[in-house]
Amino acid sequence: MQKKQRRIGIISALQQEQAGVVQHLEQAVTASRGMRDYVAGNLWGQEVVCVLSRLGKVAAAATTATLIERFNVTEILFTGVAGGAGDEVRIGDLVIAEHLIQHDMDSRPLFPRFEIPLTSLDRFATDQELTERLDRACTSFLEKDLASALTEDDRATFRLHAPRVHRGLIASGDEFIHHPERLGQLRTLLPDLLAVEMEGAAVAQVCFEFGIPFSVVRTISDDANADSAVDFLRFIDKVASQYAFHLIRRFCEG
Ligand code: ADE
């Protein structure tokens with residue numbers, strides 16, 4: 001039987017998290033659906049469809065379902081930024097999801113906390129093969145591209161000394177976490193938590209329901225504390241854009 005041609009849906013929430021990538025698409029064709037531009041084409045040897053989801057779980061879920069149903073993607077990669085939540089996780093590190101959870105899902109007493117009603121699941125697992133491929137892309141990026149991708153000034157400003165790759169649990173919710181107490185609550189409930197963001201677990205649920213393999217990588221932009229919002233805006237302009245470009249390139253090159 002002929003193998004189905006791979007077509008990767010690449011989603012980021014914000015323009016800076018996919019910066020420069022669309023300019024590299026060959027034979028690009030743009031289609032607008034539901035207030036989003038889906039740009040299909042060839043990217044570093046892969047057939048892809050790139051799209052910006054905007055922020056939050058509903059935005060991410062709608063975008064993911066459209067990519068699958070309308071643009072026939074065979075797999076999904078989500079790249080973006082997140083607040084750091086694990087003891088060892090620092091600004092500039094990369095967190096690759098092995099599982100994702102919706103930290104604001106609470107249907108008690110009907111279902112246990114965090115469980116997605118009628119799925120019996122609270123954590124969705126990412127695809128192992130894509131996750132390994134993403135790990136290789138992240139490691140190569142840090143080893144080979146980082147030094148030239150950022151100016152010394154930017155590396156000093158954000159104290160990016162020796163960024164690392166982590167793998168584990170990412171939690172998503174419709175909330176920008178910017179208080180140490182709130183982060184503390186989540187860490188108490190989810191002791192293995194590495195990062196917090198606003199879309200990944202929604203993408204995960206939709207991919208699970210449609211049977212589409214997916215992977216998620218997040219660049220840590222802030223500590224999810226009182227300075228989060230300030231760090232976040234500076235960081236995505238200067239740093240996250242560079243991370244995203246090189247990670248997506250290395251992921252496509254395989
Ligand atoms: N994305 C980046 N930083 C975040 C934070 N602190 N909370 C939620 N989403 C984020």
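Start with the largest pocket, which has a volume of about 490 Å³; a pocket here is an open set of points on a 1 Å grid over the protein atoms alone, with protein on both sides within 12 Å along at least five of seven lines, and its lining residues have an atom within 4 Å of a point. Volume means the space filled by probe spheres set on the points, which are joined across faces, edges and corners. Select Arg90, Ile91, Phe158, Arg159 and Asp223, which are the closest to the pocket centre among the 25 lining residues. The elements that give two or more residues to this lining are α4 (180-189) and α6 (228-253), and α6 gives the most, with 3 residues; helices (H or I, at least four residues) and strands (E, at least two) are DSSP runs, numbered from the N terminus. By class the lining has 9 nonpolar, 6 polar and 10 charged residues, where Ala, Val, Leu, Ile, Met, Phe, Trp, Tyr, Cys and Pro count as nonpolar, Asp, Glu, Lys and Arg as charged, and the others, Gly among them, as polar.

The model is predicted, so local features need pLDDT of at least 70 and side-chain atom pairs count only at pLDDT 80 or more, while totals for chains, interfaces and linings use all residues. Residues are numbered from 1 along each chain as its sequence is written, and side-chain values use heavy atoms, with hydrogens and water left out.

Stay with Arg159 for its backbone: arginine 159 has a positive phi of about 50° although it is not a glycine, and it lies in the loop between α3 (152-157) and β8 (165-172). Arginine 159 counts as exposed because its relative accessibility is 66%, given that buried means under 20% relative accessible area, exposed over 50% and partly exposed in between, with a 1.4 Å probe and protein chains only.

Asparagine 72 can be selected next, in the loop between α1 and β5 (75-84); this residue also is not a glycine, yet has a positive phi of about 55°, and at 49% relative accessibility it counts as partly exposed.

Now display the ligand and the 13 residues around it, of which Gly83, Phe176, Ile177, Glu197 and Asp222 come nearest; a residue is counted if one of its heavy atoms lies within 4 Å. A nitrogen atom of the ligand is 2.6 Å from a side-chain N or O atom of aspartate 222, a backbone N or O atom of isoleucine 177 lies 2.8 Å from a ligand nitrogen, and a polar backbone atom of glycine 83 is 3.2 Å from a nitrogen atom of the ligand. Taken alone, the ligand exposes 270 Å², and the protein buries 97% of that.

The largest holds about 170 Å³ of space, and of its 18 lining residues Val81, Phe176, Glu197, Met198 and Phe232 are the closest to the centre. Strands β5, β9 (193-197) and β10 (214-222) each supply at least two residues of that lining.

The second largest cavity holds about 50 Å³, with Glu17, Tyr243 and Leu247 among the residues that line it; α6 gives the most to this lining, with 4 residues.

Finish at the peptide bond from arginine 108 to proline 109, which is cis, with omega near 5°; proline 109 is in the loop between β6 (94-102) and β7 (123-125).

Notes: 1 Å grid on protein atoms, 1.4 Å probe; cavity = no way out; pocket = protein on both sides within 12 Å on 5 of 7 lines; lining within 4 Å. Polar contact = N/O pair within 3.5 Å; in protein donor to acceptor, adjacent residues only side chain to side chain. Areas by Shrake-Rupley, 256 points an atom, 1.4 Å probe, with all protein chains shown as cover.
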